[in-house]
Amino acid sequence: MFVSDNGYAYYSPLQLGDLMLVSALQRAGSSLADIGSYLRDPQGDQLESIIAEHVQRLEAERRALRAQQRFLQKTLDRSRAISEWRDAPEGWRMVDLAEERFFDVDISGRFAEGDAGPESERQQAD
């Protein structure tokens, strides 16, 4: 590699593979110290170790993001179901009792299949 007076780095065609590897490892989150260590000893098992660690980290991040997505989707679905229920005047009524107030409404069909609450759990147990 040659660095000019203006700071530009020039690589030989033989260094192109290393440049592409360094760029890919940086995008994957490798530190420059890890990359430099590999480049000093390219025959060692260190590259496989670096890549395996990043694959494991990315898989863990993917699982965490998927769990967050499922949680947010369920929250959104429930929020929409509650809004629909609240906006439908025939769907609920308030009953005044001596000491308590209850809402009387059937919401069993408002949620996703398998998430209808205790009533569906009782039916599934029978």
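**Exercise 1. Characterise the surface and the overall make-up of the protein chain.**

*Solution.* The protein chain exposes about 10,600 Å², and carbon and sulfur atoms supply 54% of this area; the values come from the Shrake-Rupley method with a 1.4 Å probe, and for residues only the protein chains shown count as cover. The model is predicted: local features need pLDDT of at least 70, side-chain atom pairs count only at pLDDT 80 or more, and totals for chains, interfaces and linings use all residues. Residues are numbered from 1 along each chain as its sequence is written, and side-chain values use heavy atoms, with hydrogens and water left out.

Next, consider the confidence. The average pLDDT (the predictor's confidence in each residue, from 0 to 100) is 78 for the protein chain, and 76% of the residues score at least 70. Among the elements, the highest mean, 89, belongs to helix H3 (residues 46–87), and the lowest, 51, to helix H4 (residues 118–125).

Then list the elements. Four helices and four strands are present, in the order β-β-α-α-α-β-β-α from the N terminus. Helices (H or I, at least four residues) and strands (E, at least two) are DSSP runs, numbered from the N terminus.

Finally, turn to burial. Of the 126 residues in the protein chain, 12% are buried, where buried means under 20% relative accessible area, exposed over 50%, and partly exposed in between (1.4 Å probe, protein chains only).

**Exercise 2. Identify the residues of the largest nonpolar core and the elements that supply them.**

*Solution.* A nonpolar core is a set of buried Ala, Val, Leu, Ile, Met, Phe, Trp, Tyr and Cys residues joined through side-chain atoms within 4.5 Å. The largest one has six residues: Val22, Leu25, Ile35, Tyr38, Leu47 and Ile50. H1, H2 and H3 are the elements that give two or more residues to this core. Leaving aside neighbours within four places in sequence, Leu25 is in contact (heavy atoms within 4.5 Å) with Ser30, Ile35, Leu47, Ile50 and Ile51. The buried residues of H3 are Leu47, Ile50, His54, Ala81 and Trp85.

**Exercise 3. Describe the pairing of Ser30 and His54.**

*Solution.* First, locate the residues. Ser30 is found in the loop between helix H1 (16–27) and helix H2 (32–40), whereas His54 is found in helix H3.

Third, examine the link. The two side chains are joined by a polar contact of 2.7 Å. A polar contact is a pair of N or O atoms within 3.5 Å; within protein, one must be able to donate a hydrogen and the other to accept it, and residues adjacent in sequence count only if both atoms are side-chain atoms.

Ser30 is in contact with Leu25, Ile35, Ile50 and His54, while His54 is in contact with Ala28, Gly29 and Ser30.
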